[in-house]
Amino acid sequence: MKRIVLTGYRGTGKTEIGRILAARHRVPFIDIDALIELHAQRSISAIFREDGEEHFRMLERKAIASLPTADAVISTGGGAVMDPANMEHLRRESTMILLTADPAVIEERLARSPRPALTALPPEEEIRSMLEKRRQQYAASADLCLDTSRITPATAAVTIADRLARGVPTPSARKEGLAYFRGGRLPAAALRSLDAILADPPADPLTRLLGVAGNPALHSRGPRLFNGLFGHYGLNCHYTFFEDPDIGRIMEQARALDVKGLSVTIPFKQDVMAHLDRVDDAAEQIGAVNTVVFACGEATGYNTDWLGVRRPLESFTGSKAVLLGAGGVASAAAHALRDLGMDVTILNRTPEKAKELAIRSGCRWAAWDTFDELHPDLVVNATPLGMEPDTRSPLRCEQLSPDLTVFDLVYTPPVTPLIEMALARGCTTIQGTGMFAEQAKEQFRLFFGIDVPQETIRKYLS
Ligand code: NAP
């Protein structure tokens, strides 16, 4: 057995269930809170009371960083998952199990223990608000989920042991999944990897699948990047291609195969929204989802494209932007530029679409041929012009003044005709690879709670 890490809110049964599970598997049981108390020679309540939560989090970080990677059952404190550095240590060579319980059950269990309050709110309100605040990180920590509201710790431990032995997904789902992938256009190497993961019995029953959902999808650099990162962080996961003309079928397969997450690409960023249980606020406002996280039977949609546009511009000082295009990525770019407080004018081949996006995102719009009258500080290309094999540029050389910053969201090739022209004119340039790397970094954080440095992303992208 590999390391088993139990996460979840306080009062969900991590310590008791962990102790039973460890005894059953004859491996050590490590309770992080007990470890902290041992090192500090004080109770958690005393640490909170005397030195505050920040000091406790520092001790917790140290304790987690010192954990052995040998087989063990580890029980974490309820807030440990909030720190990406903790997640990096906890996820390495581990299966993470999220324990959940109804807020009323948690309240009743906590009333019996002397744990410090985390906020000034009444107990049940505190539980609900903390669960909401931690929802994303708990989902990122869930390889398996178990609701402990109405079962004893002994039953919970037996259920977990059974599910670990059986693996994720079930044998019949694996068989159907394999037939599904064999019916597609997967490259031979990708199919060989899936053969091993979905075989009966599989090479490792606890390997989690992720993938890129699109049509086409086989051009995606996702598998290369994510599989590289899985090796780097010691994650028992495999990333593949879900290429299908029907997003409904992809979502059905993904749920049956207990997929951990999907990156969503053309043409499904809007259509996928009808197949989700939840959509986060930014994705709802943008009207497109490019990331789906599955946890505890729920699929949640996010949009990381807008952060991919926002982050490379965070130190940009100009305030007037022109956005070329009014499609899916333009909508994410408009959200990012408005979030940065810029005055944005949208130009598009089909002016009605520019108008529609402008109204939705609080921007202006104008006819494509008015570019020369606008004198922006920044131009963002969100059309496919310049994407291989196309060698066109959305703007002419003489339209680019040297004080302009040019951000081309097209990233194949990395140096597009527009970027080449902008460089020749002395403009500041930002390549589409910058956006791709930033949005992928955010996807990885949503999938696993780990914060990947840009250099690591770039290493596995190249
Ligand atoms: P989309 O929804 O199909 O929208 C394409 C937009 O470009 C539409 O506004 C369309 O105008 C316009 N357009 C298409 N062909 C044109 C042409 N020949 N001349 C002028 N305008 C044209 O596509 P999308 O999902 O937004 O993707 C756009 C591009 O963003 C992709 O091609 C890709 O290169 C890039 N992208 C980059 C990243 C990254 O991470 N860097 C991620 C995703 C996408 P109409 O409204 O008139 O059709």
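This is a predicted model: local features need pLDDT of at least 70, side-chain atom pairs count only at pLDDT 80 or more; totals for chains, interfaces and linings use all residues.
**View 1. Helices α1 and α8 cross with their axes within 8 Å.** Helix α1 covers residues 14–25 and helix α8 covers residues 153–166. Their axes cross at roughly 50°. The crossing in which α1 passes α8 is right-handed. On the α1 side, the contact is made by Glu-16, Ile-17, Ile-20, Leu-21, Arg-24 and His-25. On the α8 side, the residues in contact are Pro-153, Ala-154, Ala-156, Ala-157, Val-158, Ile-160 and Ala-161.

**View 2. Helix α5 has a buried side and a face turned away from it.** This helix spans residues 103–111, and its buried residues are Pro-103, Val-105, Ile-106 and Leu-110. The buried residues of α5 pack against α6, which runs through 123–133. Glu-108 and Ala-111 are exposed, and they sit on the face of α5 turned away from its buried side.

**View 3. Phe-230 and Phe-448 form an edge-to-face aromatic pair.** The count of aromatic pairs comes to 13. A pair of aromatic rings is described by two values, the distance of the centres and the angle of the planes. For Phe-230 and Phe-448 these values are 5.5 Å centre to centre and 80° between the planes. Phe-230 belongs to helix α11 (residues 222–233) and Phe-448 to helix α19 (residues 432–448), so the pair ties together parts that are 218 residues apart in sequence. Phe-230 has a relative accessible area of 3% and is buried. Phe-448 is buried too, with a relative accessible area of 0%.

**View 4. Phe-448 also pairs with Phe-447.** The ring centres of Phe-447 and Phe-448 are 6.2 Å apart. Their planes stand at 75°, and the cut-off for edge-to-face is over 60 degrees, so this pair is edge-to-face. Phe-447 and Phe-448 are both buried.

**View 5. One aromatic cluster takes in the rings of the two previous views.** Its members are Phe-226, Phe-230, Tyr-233, Tyr-239, Phe-444, Phe-447 and Phe-448.

Note on methods. Residues are numbered from 1 along each chain as its sequence is written. Side-chain values use heavy atoms; hydrogens and water are left out. Buried means under 20% relative accessible area, exposed over 50%, partly exposed in between (1.4 Å probe, protein chains only). Helices (H or I, at least four residues) and strands (E, at least two) are DSSP runs, numbered from the N terminus. Contact means heavy atoms within 4.5 Å. Rings of Phe, Tyr and Trp (its six-membered ring) pair if their centres lie within 6.5 Å; planes under 30 degrees apart count as stacked, over 60 as edge-to-face and the rest as tilted. Axes are lines fitted to C-alpha atoms, for helices over the stretch in contact, and angles run from 0 to 180 degrees between N-to-C directions. A crossing is left-handed if the near helix is turned anticlockwise from the far one by less than a right angle, and right-handed if clockwise.
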